[in-house]
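Hi,

Here is the structure I promised to pass on. Have a look, and my notes on the packing follow below.

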2 protein chains.
Amino acid sequence: MVEPLSDLEAGLLDTQLLSNHIASFGKSRAHSGHQKPDQPARKVDYDKLYSKAGKARQPGALTAVVSAFGDDPDIIGMHGGLPHEEAFPFASFTVGLKDGTRIHIDDPAKVADAQQYNIHVKGYPPLYQWAFDHVQRMHAPPAGQDVMISNGSNHTIEVVTSLLMDRGDSILCEEFTYFYMIDSVVPTRGYKAVPVEVDQFGMSPTALRKVLQDMQRRGEKLPRLLYTVPVGQNPTGAATPGDRKREIYKICQEYEIIVVEDDAYYYLQYPSATGDLPGVAGLGPSYLSLDTDGRVVRLDSFSKLLAPGFRLGWVTADPQLLDKMTMALHASLNGPCSVTQVLLAELMQQWGETGFEAYARRMQGVYRRRAAVLHEAATQELTGLAEWQRPTAGMFLWMKLTTLCDVDEILEQLVQQKVVVLPGRIAHCQGPRTPFACPYIRLSFASASEEDMRTGIKRLANILRSAPPRAC
Amino acid sequence: MVEPLSDLEAGLLDTQLLSNHIASFGKSRAHSGHQKPDQPARKVDYDKLYSKAGKARQPGALTAVVSAFGDDPDIIGMHGGLPHEEAFPFASFTVGLKDGTRIHIDDPAKVADAQQYNIHVKGYPPLYQWAFDHVQRMHAPPAGQDVMISNGSNHTIEVVTSLLMDRGDSILCEEFTYFYMIDSVVPTRGYKAVPVEVDQFGMSPTALRKVLQDMQRRGEKLPRLLYTVPVGQNPTGAATPGDRKREIYKICQEYEIIVVEDDAYYYLQYPSATGDLPGVAGLGPSYLSLDTDGRVVRLDSFSKLLAPGFRLGWVTADPQLLDKMTMALHASLNGPCSVTQVLLAELMQQWGETGFEAYARRMQGVYRRRAAVLHEAATQELTGLAEWQRPTAGMFLWMKLTTLCDVDEILEQLVQQKVVVLPGRIAHCQGPRTPFACPYIRLSFASASEEDMRTGIKRLANILRSAPPRAC
């Protein structure tokens with residue numbers, strides 16, 4: 001097989017970058033090589049699963065030409081369109097951290113890397129290396145999965161679904177799910193979303209099996225993908241325990257389904273209301289950590305833990321699929337932002353795993369405190385009017401308004417009272433325009449001030465108290 | 001029509017951001033409003049042109065909910081997933097410029113914007129404003145076109161084609177074109193590329209008309225899009241003069257074709273070998289500047305002028321189409337990188353148009369000098385063995401090897417001699433795997449050292465001299 005250079009990469013390499021690149025590839029190959037002895041035989045053959053777009057996604061034609069030149073430092077490269085470093089405006093980058101420390105980058109090679117195209121398909125090598133090592137420590141992926149730096153999880157969802165699904169294909173989702181899937185990916189790409197019931201622990205394995213059996217009985221084409229937000233589920237806030245993940249994974253093995261584990265809130269877990277925070281050691285098993293087959297595509301994000309403005313995350317997947325994913329990412333975007341990749345690589349180096357753990361623990365504290373404010377305000381004001389669970393992860397509290405059939409009944413009053421909540425129907429995986437009565441709302445405790453949260457809940461309670469109760 | 005908030009945007013807004021956002025929207029509406037009196041009646045109705053994906057791309061369901069709340073500073077937002085600013089790690093950003101000046105950002109609002117989601121669909125407002133004003137000065141778009149900040153032109157090409165083309169639809173391209181179109185967009189999305197002959201001035205209007213007449217005669221569905229790189233064309237280096245652009249535009253009016261003007265090399269023009277450099281005032285008319293109908297989608301890029309590592313560009317298009325483009329960009333990517341948007345906005349403010357012009361002029365000098373080195377080396381070594389034009393724009397010299405039928409004949413020697421060039425067939429718009437004898441190569445003078453360029457050309461000449469001449 002041709003080396004997985006992206007077309008862009010092959011096209012843009014200059015001599016120095018070419019040899020850097022090949023050295024870095026050698027390194028990542030060494031990783032895979034290192035794991036291979038313990039690796040079970042491949043259970044998923046992605047070559048059999050690709051969509052039309054996935055099959056058409058091939059290494060660029062220039063790749064074969066460039067590959068023929070091998071790893072020779074004396075190569076004269078006159079084929080690419082990388083701007084010369086002398087064209088770049090910046091000579092240094094300095095970032096002040098909130099703890100008073102700072103990151104200063106004036107090494108000309110790093111400063112140039114920050115301004116140059118992403119020529120490394122799996123990401124800026126120091127950040128790739130951090131992500132690779134971190135994933136090993138956190139999940140020890142049993143099937144030798146590799147990682148790549150992504151442009152955030154939205155784009156990765158688009159890439160994975162486009163490589164594995166054609167128009168008309170179906171995807172399993174939690175009954176209420178991340179509205180990006182509903183409003184963007186599913187309708188624009190002509191997919192069908194198949195809802196699976198959720199409870200306070202997330203997706204129900206019993207419901208999943210029933211959905212698949214029903215589809216089989218009706219002779220429908222079975223879904224190829226299952227999309228799940230297993231921790232701090234969006235919008236229900238549920239965290240799926242390890243045992244349930246094992247059951248769901250087993251069903252996916254039986255039905256040959258690829259699991260897309262969108263775990264943006266993974267680090268924001270705070271299971272106990274007052275006890276110790278888990279840090280990064282006690283976060284429980286991910287689907288990836290159970291994945292002996294290479295059927296899990298795990299999406300991690302810097303957005304919820306650090307800052308969404310960097311537009312960076314990392315993906316862990318089977319190397320066969322990951323090759324195509326790197327091609328798709330680089331073809332669409334020329335890879336993620338170089339400036340923020342270099343900044344985050346430096347930050348991760350400065351922090352080490354200890355600093356990363358400390359930051360995660362601090363964020364767990366931030367969101368536990370915010371969740372508690374909302375939960376206590378609700379307990380005080382909404383008891384008897386609504387039902388909910390104390391959030392244990394993520395940014396959302398999912399609430400059933402028990403005196404209503406449908407949240408739409410009070411939308412006008414919410415506007416009058418200036419309280420914005422997310423009506424649950426908007427997050428229903430078959431689309432908000434499906435007519436059904438939905439008494440759920442998603443309340444975010446991520447960004448409103450504590451005072452605003454208390455006031456908002458009071459106003460909601462007043463509205464509910466004054467709304468005539470209705471039988472559904 | 002519902003306000004063009006992106007789904008993401010609507011979903012993530014907190015109160016403060018909501019009101020900022022609405023204020024900024026008011027502002028951009030004011031722009032359009034300002035131009036409307038002089039604006040001719042719309043010639044292109046995009047509603048009739050959208051693909052399946054384009055039709056399905058609708059404002060998010062949450063948008064309608066959030067819009068109902070209007071622009072009230074007292075709104076309590078508990079609907080979104082924007083992380084709280086206290087979660088962000090950075091307190092300041094400082095960038096040292098090569099000229100010794102620096103940009104220092106410690107205003108908490110800007111520092112937060114740099115780390116927050118892109119909640120402004122057309123881009124970070126100060127950078128949007130810069131791009132809007134700059135486009136007015138450079139192109140004075142006659143049909144009231146608006147702008148948005150993009151994640152670079154590759155992604156924009158993907159967005160525009162997906163909104164306007166279905167599988168099986170065809171797109172007109174220069175016979176030799178940017179290989180991203182060939183290797184990525186066209187095959188993975190199932191489009192057909194229709195080649196139009198080029199000469200030293202780019203796409204030929206005569207050839208274009210003939211292609212369309214032939215398709216019509218054969219009863220084929222006519223192309224909806226024409227993709228062109230009009231300046232420093234990739235790979236031929238050609239710059240299309242204004243008169244020719246007018247002719248091509250007129251044909252596109254007749255056949256109701258949308259023009260995608262990918263003008264990444266626009267600022268890198270150096271028409272005379274020794275005389276004055278044009279700066280930004282003398283760059284000649286763009287397709288956009290001729291566009292009375294709103295049928296041109298113009299892609300500008302910071303990648304070739306400043307640095308590709310920012311992953312930023314700007315797009316100018318009809319507001320009707322631009323609305324869908326903002327939805328698609330934000331759905332796929334949550335918008336472009338916030339950190340680099342804030343940095344570039346500050347840089348542009350610090351430079352002003354004078355500083356921008358000075359930088360562009362300096363880059364024109366850089367690439368003219370590099371082009372001259374390659375052109376002179378070629379003149380010395382390759383006269384009688386090859387034909388080419390002195391480059392007047394961009395980064396590439398397009399060369400016909402006159403003693404060969406096909407560049408493949410010398411690929412092995414090029415590998416032995418360690419000289420990498422881009423074989424022309426790789427850039428053929430119908431794909432490099434189409435069997436045809438192609439004696440062209442693309443030589444880049446962007447990044448190799450001057451010495452390497454001279455050595456590379458000497459080695460190429462030696463190879464050509466020792467290759468047996470062949471009749472084709």
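How many aromatic pairs does the structure hold over all chains? There are 34 of them, counting Phe, Tyr and Trp rings (the six-membered one for Trp) with centres within 6.5 Å; planes under 30 degrees apart are stacked, over 60 edge-to-face, and the rest tilted. W130(A) and F356(A) make a tilted pair, because their ring centres are 5.3 Å apart and their planes at 55°. W130(A) sits in helix α6 and F356(A) in helix α12, so this pair ties together parts 226 residues apart in sequence (helices are DSSP runs of H or I, at least four residues, numbered from the N terminus). Both are buried (under 20% relative accessible area, 1.4 Å probe, protein chains only): W130(A) at 11% and F356(A) at 1%. They also belong to one aromatic cluster with Y266(A), Y267(A), F302(A) and W314(A).

A caveat: this is a predicted model, where local features need pLDDT of at least 70 and side-chain atom pairs pLDDT 80 or more, while totals for chains, interfaces and linings use all residues. Residues count from 1 along each chain as written, chains are lettered from A and ligands numbered from 1 in written order, and side-chain values use heavy atoms, without hydrogens or water.

Leaving out residues up to four places away in sequence, L382(B) touches W388(B), M399(B), I457(B), L460(B), A461(B) and L464(B) (heavy atoms within 4.5 Å).

Cheers

Note on methods
Helix = DSSP H or I, 4+ residues; strand = E, 2+ residues; numbered from the N terminus. Buried < 20%, exposed > 50% of the residue type's maximum accessible area, 1.4 Å probe, protein only.
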